[in-house]
Structure formats: structure tokens, C-alpha cells
Amino acid sequence: MSDQRLVKGARSRASIARHAADVASVEGLSGVSIGRLATDLGLSKSGIATLFGTKEALQLAAIRVARDVFVAEVVTPALAVPRGVTRLRALMERWFAYIVDPAFPGGCFRSATLAEFDSRPGAVRDTLAGDQEDWLTFLTGELEKAADLGEIVCPDPAALAFEIDALLCAANTARQLGAESRVDTARAIVTRLLTEAST
């Protein structure tokens, strides 16, 4: 019975955290609260509080869920193809697919929440900043691998990663505003950047 309760608790936590991520993608992490989620999900406040303890813990759980979804939909499929330009192109295609057919109602979770907490010290900001840094480090690493293979010429992979990320975030904003043509524009620019870098 104890094991069954643990499994049920884990499932409940996962379901609540996923809904918190959905809410945060639209209303920001500030819109995530124990009371709000209790109302949305038809649960008691005390039940959610028992599972998460605080609003901040709930916000952090939402960030972890969003990271897991991003990795599953964008990073992991790209890692299945060979390193170099082929993987970079696969990574970009997965990212644009993630923008065009978003996993969260508010589009890319990271794009939706970073600006909200970039000036607020604390665990939520630190976790969001760490997640963003991990993504940029990963993208930089993939550019470096392509350069090491001789498939691109990239004197400053970190700068190119930053440029590509900025375009992807802009594309997400355009998609959320209904400006689909600008998503295509961003895609064309990213393609051009990779093509110009290719040897």
C-alpha cells in the first residue's frame, strides 16, 4: 500500500506540475499558485500543498517539466543523427517544429518565462537562467563539433549560438502573435547562417 501511495503521489505531482507549466506558458510563473491549480484541477489546496509545500516549489517543478519536454521534443531527436551540420540542421528543424506546433499553450516555455524573472533574484530566476545557459552551452558545443569536423568555419561558436537562439526566440514570439510569415523569415535566416558557415 505504501508503494502504491508513492506511485500515486508521483503521478499526481507530475500531472500538477505539467498543468503548472501550461499555465505559466500563458500567464507567467507568477500566475502559478496552489489555489489556482487546485481550482483548475478540482483538487484541494491542502492536497497540492502536501505534494509541493510552497508556490516556489510548484514553480520550480513547472520549470523542470518544461525542460524535460523541450529535451524530449527538440534535443533527443537531434542527437539521433550524426554530429556536425546534419545534427545542427536537425536541431533547428526540431526547434522550429516546437515553435509551429507548441507543446505548451503559450508557446516556448523558456521564451515565455525568462523575461518575467530576469530581474528577480531567487531560486526561480537561478533555475531559469541555468536552463538557458545549459541550452546555449549545448548549442555552442554542437557548433564546435561541426567546426572540429571541418564542416563549418565558426571563429566564435558562442556568438553564433547566441545569434541563433535570439532568432528562435523571436520566431516563437512571432508565432504567438500570429505573424506566421516571420517564423518563415527566422527559419530562412538561420538556414543562411548555417549555410554561410559551411565549408
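A salt bridge here is a side-chain nitrogen of Lys or Arg within 4 Å of a carboxyl oxygen of Asp or Glu. The model is predicted, so local features need a pLDDT of at least 70 and side-chain atom pairs count only at pLDDT 80 or more, while totals for chains, interfaces and linings use all residues. Residues are numbered from 1 along each chain as its sequence is written, and side-chain values use heavy atoms, with hydrogens and water left out.

Let's start with the overall picture. The chain comes to 9 helices and 0 strands, where helices (H or I, at least four residues) and strands (E, at least two) are DSSP runs numbered from the N terminus. Read along the sequence, that gives the pattern α-α-α-α-α-α-α-α-α. The C-alpha trace spans about 60 × 40 × 30 Å along its principal axes. Of the 199 residues in the chain, 41% count as buried; buried means under 20% relative accessible area, exposed over 50%, and partly exposed in between, with a 1.4 Å probe and protein chains only. Contact means heavy atoms within 4.5 Å. Among the contacts in the chain with a separation of 6 or more, 69% come from residues 24 or more positions apart.

Next come two packed helices. Helix 2 (residues 34-41) and helix 3 (residues 45-52) pack at an angle of about 120°, with their axes 9 Å apart. Axes are lines fitted to C-alpha atoms, for helices over the stretch in contact, and the angles run from 0 to 180 degrees between N-to-C directions. Helix 2 and helix 3 are therefore oblique to each other: angles under 35 degrees count as roughly parallel, over 145 as roughly antiparallel, 65 to 115 as roughly perpendicular and the rest as oblique. On the helix 2 side, the contact is made by I34, G35, L37 and A38, and on the helix 3 side by K45, I48 and A49. Sorted by class, this contact has 5 nonpolar, 1 polar and 1 charged residues. In that sorting, Ala, Val, Leu, Ile, Met, Phe, Trp, Tyr, Cys and Pro count as nonpolar, Asp, Glu, Lys and Arg as charged, and the others, Gly among them, as polar.

Now for the charged pairs. Side chains of opposite charge can pair when their charged atoms come close. In this chain the count comes to 12 salt bridges. One of them joins D22 and R18, with the closest N and O atoms 3.3 Å apart. Both D22 and R18 sit in helix 1 (residues 2-27), 4 residues apart, or about one turn of the helix. R18 is partly exposed, at a relative accessible area of 28%. E27 and R36 also meet through their side chains, at 2.7 Å from N to O. E27 counts as partly exposed at 44% relative accessibility, and R36 counts as partly exposed at 26%.

What about D131 and R110? These two form a salt bridge whose closest N and O atoms are 3.5 Å apart. The pair links distant parts of the chain, with D131 in helix 7 (residues 123-148) and R110 in helix 6 (residues 109-117), 21 residues apart. D131 counts as buried at 10% relative accessibility, and R110 is buried at 8%. R110 and D131 also belong to a network of salt bridges that links them with R67 and D134.

Helix 7 also holds G141, which counts as buried at 16% relative accessibility. The C-alpha atoms of G141 and A80 are separated by 16 Å, and the two residues are 61 apart along the chain.
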